[in-house]
Amino acid sequence: VVVDKPSGVPCGPATVDNAVETLAAQVTGALRECRDHSPDGSAIAGMNLNTWRQVGAVVETLKPDGEGEGEGDGQDAFATLEPVGRLDVCTSGLVVLAADHTSARAGNERLKAGAVDKRYACRVVLAEGVGAPPEVGTLLEHWVLTGWLGGKTRVLPGVRSAEEAEGVEGAKHCALEVLSVSPADGAHRGDAKRGRVFDIELRLLTGRTHQIRAQFAAVGAPLLGDAVYGRATEPAIAAAERAGGDAAVRALYPSGRAPDRIALRCASLAWGSVR
């Protein structure tokens with residue numbers, strides 16, 4: 001099942017606190033409710049009978065409410081639909097939900113192998129002193145530390161090759177390709193950001209946590225609305241490392257609640273010939 005996730009909704013996995021609020025839980029519940037109230041799919045606008053039968057087949061593979069390893073309160077039934085890959089809570093766009101763990105694992109293996117073409121749309125704001133966004137065709141490559149400072153991703157300034165990254169424990173390669181760039185001035189007419197806001201389409205080549213956010217911030221084009229990575233340009237990180245080491249770098253990443261919404265959307269997915 002492919003779902004267009006709104007920002008503010010976690011993909012999963014479910015916890016005691018958010019079992020009902022995850023994307024998988026909400027989609028599972030919605031499918032069951034539609035099936036129960038409209039067995040032939042006639043109440044679902046724009047859905048033909050063949051499509052509805054496919055939806056019904058997915059629903060029938062799910063555990064009935066209350067079955068499973070839980071305490072019988074029905075929450076465990078929501079865990080059957082599993083995300084294949086995940087989007088950040090503050091990111092919107094397409095998410096694949098698998099009907100069982102085996103399918104989810106197979107899908108995640110395809111993602112890791114680079115067999116899925118994932119494209120994103122984002123809006124960036126140029127940092128002070130940055131003259132232009134990355135050009136079309138640019139391959140952005142960085143080496144990063146993931147899971148740093150409460151799950152954030154830290155770009156390693158000046159590291160440009162696997163050889164240079166060898167001496168850094170936990171360093172991971174990340175890459176993306178810029179497909180299109182266009183001015184977004186109309187959205188900020190009269191604003192101080194006029195002439196500094198751009199819409200970018202990109203192809204994700206690796207799947208690191210917060211990768212797009214960290215990489216665009218590193219080149220001085222942080223995503224609109226991303227207060228967490230907005231100051232973490234590569235020159236700023238390098239300067240902080242020289243001035244005060246790890247403590248100074250941490251100061252570039254504001255603490256507190258993460259944004260509920262940023263200008264980042266997974267716009268398309270292609271599995272083989274299916275887009």
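What follows is a run of questions about those labels, with the answers.

Modeller: This is a predicted model: local features need pLDDT of at least 70, side-chain atom pairs need pLDDT 80 or more, and totals for chains, interfaces and linings use all residues. Residues are numbered from 1 along each chain as its sequence is written, and side-chain values use heavy atoms, leaving out hydrogens and water.

Colleague: Why is His210 called buried?

Modeller: Buried means under 20% relative accessible area, exposed means over 50%, and partly exposed lies in between (1.4 Å probe, protein chains only). His210 has 18% relative accessibility, so it counts as buried. Across the protein, buried residues make up 41% of the 275 residues.

Colleague: What makes helix H5 largely enclosed by the rest of the structure?

Modeller: Helices (H or I, at least four residues) and strands (E, at least two) are DSSP runs, numbered from the N terminus. H5 covers residues 211-218, and eight of the eight are buried, so the helix is largely enclosed. Among them are Arg213, Gln215 and Phe216. Gly220 follows H5, with a positive phi near 85 degrees.

Colleague: Where does His210 lie, and which residues does it touch?

Modeller: His210 sits in the loop between strand E8 (197-204) and H5. Contact means heavy atoms within 4.5 Å. Leaving out residues up to four places away in sequence, His210 touches Asp88, Gly151, Lys152, Thr153 and Tyr229. Thr153 is 57 residues from His210 along the chain, yet their C-alpha atoms are separated by 6.2 Å.

Colleague: What makes the link between the side chains of His210 and Tyr229 a polar contact?

Modeller: A polar contact is a pair of N or O atoms within 3.5 Å; within protein, one must be able to donate a hydrogen and the other to accept it, and residues adjacent in sequence count only if both atoms are side-chain atoms. The side chains of His210 and Tyr229 are joined at 2.7 Å. That meets the distance cut-off of 3.5 Å.

Colleague: How many aromatic pairs does a search of the whole structure find?

Modeller: Two. One is Trp148 with Tyr253: 5.0 Å centre to centre, 75 degrees between the planes. Trp148 is in strand E5 (residues 139-148) and Tyr253 in the loop between helix H6 (234-250) and strand E9 (264-271), 105 residues apart. Tyr229 and Tyr253 also pair, at 5.8 Å and 90 degrees.

Colleague: Why are the pairs called edge-to-face?

Modeller: Rings of Phe, Tyr and Trp (its six-membered ring) pair if their centres lie within 6.5 Å; planes under 30 degrees apart count as stacked, over 60 as edge-to-face and the rest as tilted. With 75 degrees for Trp148 and Tyr253, and 90 degrees for Tyr229 and Tyr253, both pairs are edge-to-face. Ring pairs link Trp148, Tyr229 and Tyr253 into a cluster.
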